[in-house]
Amino acid sequence: MASFTGLSQRYDPNTRIGKLSVLHCSAVLQQNVSSTWMMEPAVKSQEALARIVEGVKKFQAEVYPAQREMFESLKGRQQPMAMFITCADSRAVPNLFTQTGPGDFFVERNPGNFVPRYGDFVGGVSAGVEYGMLVLKVPLVIICGHTDCGVMKGLLHEEEVNGLPAMQQWMRHASEVRQRIMRDHSDAAQAEKLRLITEYNVLAQVENLKSHPSVYTRILSGELDVRGWVYDIGDGSIWAADPESGKFARIGGESGH
Ligand SMILES: [Zn+2]
């Protein structure tokens with residue numbers, strides 16, 4: 001495996017993979033991934049890197065200088081106004097659809113916008129929650145799902161995650177949501193099931209979040225508010241859950257779906 005400890009060692013992340021790792025990988029990834037999940041990359045890596053580097057140059061030449069003061073004010077500390085937990089999906093960009101900027105959100109992203117219950121699983125999400133609550137002391141947490149979520153589709157069609165052992169493990173953090181759909185809405189149309197599971201998942205993850213002592217105690221003392229949202233990728237609308245009823249209504253107008 002690659003080691004980055006010595007300055008004299010060449011950094012070569014693409015080829016320093018040992019024989020043992022290759023054997024291990026082929027053992028783990030022995031199943032074929034469901035064909036409906038597979039897609040071809042839109043661009044080759046060199047083209048992707050070139051486009052990203054162009055973006056870096058543009059940021060340095062145009063964006064940073066225009067907001068230098070703001071960036072410099074963030075140099076030594078952060079004081080975000082909210083923790084924002086959303087899916088890893090490339091189309092869900094919280095700072096864009098909330099028109100916020102650097103320093104505003106402490107962000108946690110993962111496939112399905114899950115928050116494992118406290119004690120079930122200690123990983124990045126739990127560490128992020130702890131840091132957000134006890135160090136940054138954010139006054140608000142928003143858990144935000146989105147339309148057309150691949151993970152939600154995988155919950156509805158478990159065969160779609162064949163060949164994805166890590167995803168299968170991870171998706172157990174929403175197993176109750178899946179059961180609820182199968183129990184209460186088995187006759188619903190596919191699009192309706194997908195909408196419902198996306199909303200139920202957000203509500204379930206809000207409950208999971210409250211199982212974390214650092215969250216629970218701050219809610220009890222009135223220091224923290226937790227909200228559940230769904231972002232509609234196609235039309236840009238945000239649907240917020242009513243904290244009492246759990247019903248989702250569009251922010252900025254119109255009644256429920
Ligand atoms: Zn998603």
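## Close-up views of a predicted model

**View 1. V151, a buried residue.** With 24 C-beta neighbours inside 10 Å, V151 counts as buried. The model shown here and in the views that follow is predicted. V151 has its place in helix α6. Setting aside neighbours within four places in sequence, V151 is in contact with C87, P111, G112 and M171. Look also for Q168: its C-alpha atom and that of V151 are separated by 9.9 Å, and the two residues are 17 residues apart along the chain.

**View 2. The protein chain as a whole.** Before going further into the details, here is some orientation. The secondary structure of the protein chain comes to 10 helices and 6 strands. The chain has 257 residues, and buried residues make up 25% of them. Among contacts with a separation of 6 or more, 62% join residues 24 or more positions apart.

**View 3. The open sheet.** In what order do the strands of the open sheet run? Its 6 strands follow the order β2-β1-β3-β4-β5-β6, and their pairing is mixed. β2 (105-109) and β6 (248-250) stand at the edges with a single partner strand each, so one side of each is left without a neighbour in the sheet. On average, neighbouring strands of this sheet are turned by 25° against each other, direction ignored.

**View 4. Strands β4 and β5 side by side.** Strand β4 (residues 225-231) pairs with strand β5 (residues 238-241) in the antiparallel sense, over 3 bridges.

**View 5. Helix α5 and its two faces.** Helix α5 spans residues 124-134, and its buried residues are V125, V129, G132 and M133. These cover an arc of only 95° around the axis, which puts them on the same side of α5. Turned away from that buried side is a face with the exposed residues G124, A127 and L134. What covers the buried residues of α5? The cover includes β1 (82-86), β2, α9 and α10 (213-220).

**View 6. Helix α8, buried on one face.** Which residues of helix α8 (residues 175-184) are buried? They are V177, R178 and I181. Seen down the axis of α8, the buried residues fall within an arc of 100°, so they line one face of the helix. The face turned away from the buried side of α8 carries the exposed residues S175, Q179, R183 and D184. As for packing partners, the buried residues of α8 pack against α6 (150-156) and α9 (190-210).

**View 7. The largest nonpolar core.** In soluble globular proteins, nonpolar side chains tend to be buried together. The largest nonpolar core in this model has 41 residues, and V141, I143 and C144 are those with the most contacts inside it. At least two residues of this core come from each of β1, β2, α5, β3 (140-146), α6, α8, α9 and β4. Which element supplies the largest share of this core? That is α9, with 6 residues.

**View 8. The surroundings of C144.** C144 is among the residues with the most contacts inside the largest nonpolar core. Not counting residues up to four places away in sequence, C144 touches F84, I85, T86, P94, N113, W229, V230 and Y231.

Methods: Residues are numbered from 1 along each chain as its sequence is written. This is a predicted model: local features need pLDDT of at least 70, side-chain atom pairs count only at pLDDT 80 or more; totals for chains, interfaces and linings use all residues. Helices (H or I, at least four residues) and strands (E, at least two) are DSSP runs, numbered from the N terminus. A residue is buried if 20 or more other C-beta atoms lie within 10 Å of its own, exposed if 12 or fewer, and partly exposed in between; C-beta atoms are placed from the backbone. Two residues are in contact if their C-beta atoms, placed from the backbone, lie within 7 Å. The arc is that of the directions from the helix axis to the C-beta atoms. Two strands pair if DSSP finds at least two bridges between them. Axes are lines fitted to C-alpha atoms, for helices over the stretch in contact, and angles run from 0 to 180 degrees between N-to-C directions. A nonpolar core is a set of buried Ala, Val, Leu, Ile, Met, Phe, Trp, Tyr and Cys residues joined through C-beta atoms within 7 Å.
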